[in-house]
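Trainee: I am new to this structure and would like to learn how to read it. Could we go through it one feature at a time?

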2 protein chains.
Amino acid sequence: MIIKNAIYYDGQRVVRGDFKNGRSDEEFDASGKLAFPAFNNGHTHLAMTLMRGAGDGEKLQEWLDNTIFPMEQRLTPELVYKASMFGLLEMIKTGTSRFMDMYYFVEETAKAVEKAGLRATLGTPITSFGTPYYRDAEEALRMAEERLHKGPEGLVDFCVAPHSIYLCDEEALIKAKELADKYGVPLTMHVSETRKECVDCHRKTGMWPVEYLDRIGLLDQNTVLFHATWLTKMEVRILADRKVTVIHCPASNMKLASGGVMPLPELLEAGVKVGLGTDGASSNNSLDMREEMKIGSLLQKSHRWDATVAGPRTMMAMATLDSKDLAFVSLDDVRMLPRHDLISNLVYSGGTVTDLIVEDRVIMKDGEVLTIDEERVKKDFLDAAAELLR
Amino acid sequence: MIIKNAIYYDGQRVVRGDFKNGRSDEEFDASGKLAFPAFNNGHTHLAMTLMRGAGDGEKLQEWLDNTIFPMEQRLTPELVYKASMFGLLEMIKTGTSRFMDMYYFVEETAKAVEKAGLRATLGTPITSFGTPYYRDAEEALRMAEERLHKGPEGLVDFCVAPHSIYLCDEEALIKAKELADKYGVPLTMHVSETRKECVDCHRKTGMWPVEYLDRIGLLDQNTVLFHATWLTKMEVRILADRKVTVIHCPASNMKLASGGVMPLPELLEAGVKVGLGTDGASSNNSLDMREEMKIGSLLQKSHRWDATVAGPRTMMAMATLDSKDLAFVSLDDVRMLPRHDLISNLVYSGGTVTDLIVEDRVIMKDGEVLTIDEERVKKDFLDAAAELLR
């Protein structure tokens, strides 16, 4: 698409003038708007919009045991579809065009993403303990392979998503990596989110989590690790050497009181690829990447006693990692004024996203979502939430 | 005003039914909306919207010396009026009806607040070193008294605002308190914002800042202290004994890397009155109290390694301290769904404020600001920002 009359942040500088994005020669008038790479939400559990606000303020393990797991026992494909559609609505309205998701019933989320017109990489969480949706890791891996065998669907592709070192045994982790390599897709998992996880791993294996994952062969340029809050210097080195991608989830880590803070300056200094993610709407409780950038920047500055780290351009680079699409905000938005520094305004002050273009398709125009019937999606979602509580 | 068909958060519970706010018997239809006490922004420098985004990422002292102070040399009454109007627009749109401000040219900000229809307590910062706007503390105190002598103006009243212990000598601080007591108005000041300030005070006086302020007689129920990040247990005790109000400014403290984190659980446990503030738009960079509640909650949970502290109801109580007005969000806002916990949604997920009622007057109705010509205010503000840079 040809973007006309643009003021555009190309990831380095704010530039003026027309430019091309995608393949089409159709024109899009961007007068009065700032264009920037649409957000890539690096870690989500999309359908958990259903649980937003449930059990807030409980400790992590109690919250999972008392609130989340009982609700997840009652999921159906239909509930996941409705909750995914609703999550996509929030993503579109906040300028996200792409995300990496770990949740049940990936076929349903895939259908929703196709309908909404976004990009996603989806994986069913694999655990060794089984869930209502599969008996054990073997069955989960077989389901994952069936999906991978069918191949990507439009802008949606699939990955292999072992949940974590504490919910997967070593055999399951190794088989997951073999499966990911067989199909050339990413392996994604949670790692080093809590201190307990790290200490338990060290007691059991004599190694810290990233060291352990490296020893069993899970780490390479196709590995994506979520959270990574408690890392040793040696682990930072390993992540750099193996070219692993890590996803920072500051709001979720803070809300669940993980205690650890991702050593972002060290990771960036070592050349590690770092993205940004909101985690599920149940532990954040929003899917807004703009807000996540601000919280991430503030957390790093505060934790490091250093106002110069994690500036707005660093946060934008993380939040738009591998972005191919475009989002827009109005240059007249109260939050975007004055114009001393548009990128600082975007990160710290905000500004309502007005438009979103994905792969030559206008998904939202002047605040109106074109691919989704907003009222219908909200109604379906409320029905789904009511059904979950029944 | 009679609020009809309401779902209302009264500060304790979410209740249904009509209720009265203010004196008028006029009716206001709140169908489909959540009503809640409008926000009270406990610490602002309103006209610093002019500097939003300028010098982001500089260290505190360099930022003040290189960016803020040179800009502040060039302020005029007209610039302050235009910048205040613009800041009020952002406040109205984000549900704030009341604030406590410390900045130059209070008459101009007072005019703007009256025009916008909000409530405010305003004070000129008093320093012993002079500014372009007065020679020394004596002149600043004389200006403050002149203003106090004229009395409040509508919903705007005035306070005495010595800047801090590091910009005021002891004589100025004591005279400021005498002046505040003479007129029965609050004394407001920054305190214990940085570790340096605390250590310098201890070196000079042998006391920590709150202890020192108590010793020279500045602390009572009419004292409001901003920041209070580095506090000893003894100082928490003093604040409780003297019935001082303290204002938590989490985003500003984090962004400027103050390092310290207000000991909120201890303050609340001791019975200290704690409010919430954004600080100026130049160090936040927003005036949005909803965002401030989320950041404050996350900071406390993260810092304390305890997911149970600083929950959504605590944050709402702080953000709406002494509120007399009403704000509304749509119950159908994507961010307010599902409805497991409306207050958790409001604090962590957001929701666009649609309406604001102050003292029986509708200030914003269905997203339209009724007291301010939005386009005119934005244009004037951009002119002001351009003039400041000239």
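This is a predicted model: local features need pLDDT of at least 70, side-chain atom pairs count only at pLDDT 80 or more; totals for chains, interfaces and linings use all residues.

Trainee: At what angle do α12(B) and α13(B) pack, and how far apart are their axes?

Mentor: Helix α12 of chain B covers residues 312-319 and helix α13 of chain B covers residues 342-349; they pack at about 70 degrees, with axes 9 Å apart. That angle makes α12(B) roughly perpendicular to α13(B).

Trainee: Which residues make the contact?

Mentor: From α12(B) come P312(B), R313(B), M315(B) and M316(B), and from α13(B) come I343(B), S344(B), L346(B), V347(B) and Y348(B). By class, this contact of α12(B) with α13(B) has seven nonpolar residues, one polar and one charged.

Trainee: Let us move to chain A. How do α11(A) and α12(A) cross?

Mentor: Helix α11 of chain A (residues 289-304) and helix α12 of chain A (residues 312-319) have axes that come within 10 Å and cross at roughly 135 degrees. The two helices, α11(A) and α12(A), are therefore oblique to each other. The crossing of α11(A) past α12(A) is right-handed.

Trainee: Which residues meet there?

Mentor: On the α11(A) side they are M289(A), M293(A), G296(A) and S297(A); on the α12(A) side, M315(A), M316(A) and A319(A). The contact of α11(A) with α12(A) divides into five nonpolar residues, two polar and no charged.

Trainee: What is the angle between α2(A) and α3(A)?

Mentor: Helix α2 (residues 77-93) and helix α3 (residues 106-116), both of chain A, pack at about 35 degrees with their axes 8 Å apart. Here α2(A) passes α3(A) in a right-handed crossing. The contact residues of α2(A) include P77(A), V80(A) and Y81(A), and those of α3(A) include E108(A), T109(A) and K111(A). The contact of α2(A) with α3(A) has nine nonpolar, two polar and three charged residues.

Trainee: Now the two chains together. How many residues of each are in contact?

Mentor: In chain A, 58 residues are in contact with 58 residues of chain B. Between them the chains bury about 4,800 Å², with 64% of that on carbon and sulfur atoms. W305(A), V334(A) and H340(A) supply 14% of the area that chain A buries against chain B, more than any other three residues.

Trainee: How many salt bridges are there between chain A and chain B?

Mentor: The count is eight salt bridges. K294(B) forms a salt bridge with E291(A), and the closest N and O atoms of that pair are 2.6 Å apart.

Trainee: Last, the backbone. What is the general rule for phi and for peptide bonds?

Mentor: Most residues other than glycine have a negative phi, and most peptide bonds are trans.

Trainee: Where does a cis bond occur in chain A, and in which loop?

Mentor: L337(A) and P338(A) are joined by a cis peptide bond, with omega about -5 degrees. P338(A) is in the loop between β17 (326-330) and α13 (342-349) of chain A. In chain B, a cis peptide bond joins L337(B) and P338(B), with omega about -5 degrees. P338(B) is in the loop between β17 (326-330) and α13 of chain B.

Trainee: What is the phi of F105(A)?

Mentor: F105(A) has a positive phi of about 55 degrees, although it is not a glycine. F105(A) lies in the loop between β8 (96-102) and α3 of chain A.

Note on methods:
Residues are numbered from 1 along each chain as its sequence is written. Chains are lettered from A and ligands numbered from 1 in the order in which they are written. Side-chain values use heavy atoms; hydrogens and water are left out. Axes are lines fitted to C-alpha atoms, for helices over the stretch in contact, and angles run from 0 to 180 degrees between N-to-C directions. Helices (H or I, at least four residues) and strands (E, at least two) are DSSP runs, numbered from the N terminus. Angles under 35 degrees count as roughly parallel, over 145 as roughly antiparallel, 65 to 115 as roughly perpendicular and the rest as oblique. Contact means heavy atoms within 4.5 Å. Ala, Val, Leu, Ile, Met, Phe, Trp, Tyr, Cys and Pro count as nonpolar, Asp, Glu, Lys and Arg as charged, and the others, Gly among them, as polar. Buried area is the accessible area (1.4 Å probe) that two parts lose on being put together, summed over both. A salt bridge is a side-chain nitrogen of Lys or Arg within 4 Å of a carboxyl oxygen of Asp or Glu. A crossing is left-handed if the near helix is turned anticlockwise from the far one by less than a right angle, and right-handed if clockwise.
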